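Subject: Structure handover and findings

Hello,

Here is the structure I said I would pass on.

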Amino acid sequence: TQGELLGSYYKSPFLRALVAVVSLIFLVPYLQSQITAGGLIFSSATGDLINYTWGCILLYAVIIGYILLGGFKAVAWTDTVQGIMMIILAWISGGVILGATTGTLDWSYLMNRVATELPSRVMIPIDYWPIYMTSFISLFGVSIYPPSFQRFFAVENPKSLKWLAVSAPVYLIFFYVPIMVVAFCGAIYMPGLERPDQVLPMMLMEYSTPVLAGLVMAGALAATMSSADSQLHSASSIFTMDIYKQFINKNASDKQSLRVGKIAIVVMSALALVLSQFVNDLIVSIVTIALGGCLQMMPSLIGALYWKRGSKAGAIAGLIVGVIVVGITQFIWKTPLGLSSGAWGLIFNSLTFVVVSLFTPAPDADSQERFHGYLAKINSNAKMRDDIIAGKAVEEN
């Protein structure tokens with residue numbers, strides 16, 4: 001877990017616990033957004049025969065079922081299958097809806113029509129630029145979001161991480177193109193939707209066959225499940241490893257830890273399920289809050305991996321200040337100067353981390369060698385290997 005890494009580098013059990021608590025706090029709204037999406041999909045796809053509440057409950061039951069039975073490996077394999085299913089059906093649905101609404105698969109016709117009839121949908125108003133652009137900063141939170149970070153820990157060698165760095169952006173771009181097409185079709189042919197979140201199921205019900213609509217909705221449910229199961233598994237391991245085994249029962253056996261982890265899965269998902277029934281914000285808004293909060297781990301992680309001068313006191317103070325600022329600028333003094341809450345939190349967090357670190361002791365030589373020394377060795381070996389390959393290529397030529 002991130003708490004384990006930071007607690008080990010800065011040699012601070014308190015920081016480890018603090019990171020764990022912050023992670024759990026911001027994992028809940030992200031998990032809530034997935035359950036909300038599942039409820040909306042069930043409601044739209046069945047004509048409300050399965051209403052929103054029961055849709056949320058069904059998704060909750062299925063996800064906790066296979067996580068409790070399978071653990072990390074179950075999450076990894078189901079995410080793989082669900083991801084492949086999701087991206088194939090996204091492109092099929094985008095093509096079908098585009099063809100049914102415009103009569104052609106050439107999306108230039110659609111884009112020209114949107115630009116002519118709804119120019120506000122393709123031009124971002126000047127007043128909205130600050131929050132729009134700073135919201136992208138929160139997307140950096142994806143890379144340090146606990147479920148993602150734990151997958152980085154699971155790789156066998158740095159080469160796998162390099163492939164991940166290259167493939168993930170390509171995958172995401174490839175996935176979002178057909179979703180963009182569906183959204184623009186909805187803006188033209190189905191304006192005034194009560195919830196923009198419903199554009200995909202509503203367009204499918206109107207412009208495709210029931211069989212295709214059902215398959216794509218299954219793909220959409222796969223998308224929500226592949227995110228929710230990762231978040232639940234991460235929350236379970238964070239609570240078990242960073243809180244239960246560190247502060248409640250240090251001598252816990254593997255069997256006891258596993259049982260506590262399963263209880264944590266049920267409780268955390270139940271909390272998200274309850275919130276999904278009372279919070280009606282758009283899914284994208286909920287996700288932005290979650291990512292903006294998790295983004296506050298970034299300065300202390302940069303210290304552990306890149307800046308030797310970053311101190312334990314700086315990491316603790318920066319994280320506390322960052323989370324407080326996120327809360328203030330999200331719920332009390334909303335988006336001052338038009339900047340997102342995650343951006344404000346990161347600004348104050350980083351400043352606090354740097355200033356406090358400069359006036360407090362840096363981590364000892366042992367911590368610096370274990371982390372910075374290891375990374376330097378990895379980079380040196382990689383450079384040496386590249387030089388050898390380049391030398392052989394020159395000789396062959």
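The model is predicted, so local features need pLDDT of at least 70 and side-chain atom pairs count only at pLDDT 80 or more, while totals for chains, interfaces and linings use all residues. Residues are numbered from 1 along each chain as its sequence is written, and side-chain values use heavy atoms, with hydrogens and water left out.

Salt bridges

A salt bridge here is a side-chain nitrogen of Lys or Arg within 4 Å of a carboxyl oxygen of Asp or Glu. By that rule there are six salt bridges. I also give burial, where buried means under 20% relative accessible area, exposed over 50%, and partly exposed in between (1.4 Å probe, protein chains only). Helices are DSSP runs of H or I with at least four residues, numbered from the N terminus.

One of the salt bridges pairs Lys11 with Asp366, with 3.4 Å between the closest N and O atoms. Lys11 sits in the loop between helix 1 (2-10) and helix 2 (13-45) and Asp366 in helix 15 (residues 365-396), so this contact ties together parts 355 residues apart in sequence. Lys11 is partly exposed, at 41% relative accessible area, and Asp366 is partly exposed with a value of 41%.

Asp242 and Arg16 form another salt bridge, at 2.7 Å from N to O. Asp242 belongs to helix 9 (residues 210-248) and Arg16 to helix 2, so the pair ties together parts that are 226 residues apart in sequence. Asp242 is buried, with a relative accessible area of 1%; Arg16 counts as buried at 12%.

Arg151 and Asp79 also meet in a salt bridge, at 2.8 Å from N to O. This pair links distant parts of the chain, with Arg151 in helix 6 (residues 146-154) and Asp79 in helix 3 (residues 52-102), 72 residues apart. Arg151 is partly exposed at 30% relative accessible area, whereas Asp79 is buried at 14%. Elsewhere, salt bridges with shared partners join Lys11, Asp364, Asp366 and Arg370 into one network.

Helix packing

Axes are lines fitted to C-alpha atoms, for helices over the stretch in contact, and angles run from 0 to 180 degrees between N-to-C directions. Angles under 35 degrees count as roughly parallel, over 145 as roughly antiparallel, 65 to 115 as roughly perpendicular and the rest as oblique. A crossing is left-handed if the near helix is turned anticlockwise from the far one by less than a right angle, and right-handed if clockwise.

Helix 7 (residues 158-189) packs against helix 8 (residues 199-207) at about 70 degrees, their axes 10 Å apart. The two are therefore roughly perpendicular, and helix 7 passes helix 8 in a left-handed crossing.

For helix 13 and helix 14 (residues 341-358), the axes come within 7 Å and cross at roughly 155 degrees. These helices are therefore roughly antiparallel, and helix 13 passes helix 14 in a right-handed crossing.

Surface patch

Phe14, Ile320, Ile324, Ile328, Phe331, Ile332 and Trp333 make a nonpolar surface patch of about 800 Å². Patches are made of residues with over 30% relative accessible area and no salt bridge; like charges are joined within 9 Å and nonpolar side chains (Val, Leu, Ile, Met, Phe, Trp, Tyr) within 5 Å. Accessible areas come from the Shrake-Rupley method with a 1.4 Å probe, and for residues only the protein chains shown count as cover. Helix 13 (residues 312-332) gives the largest share of the patch, five residues. Ile328 is in helix 13 and counts as partly exposed, at 35% relative accessibility.

Regards
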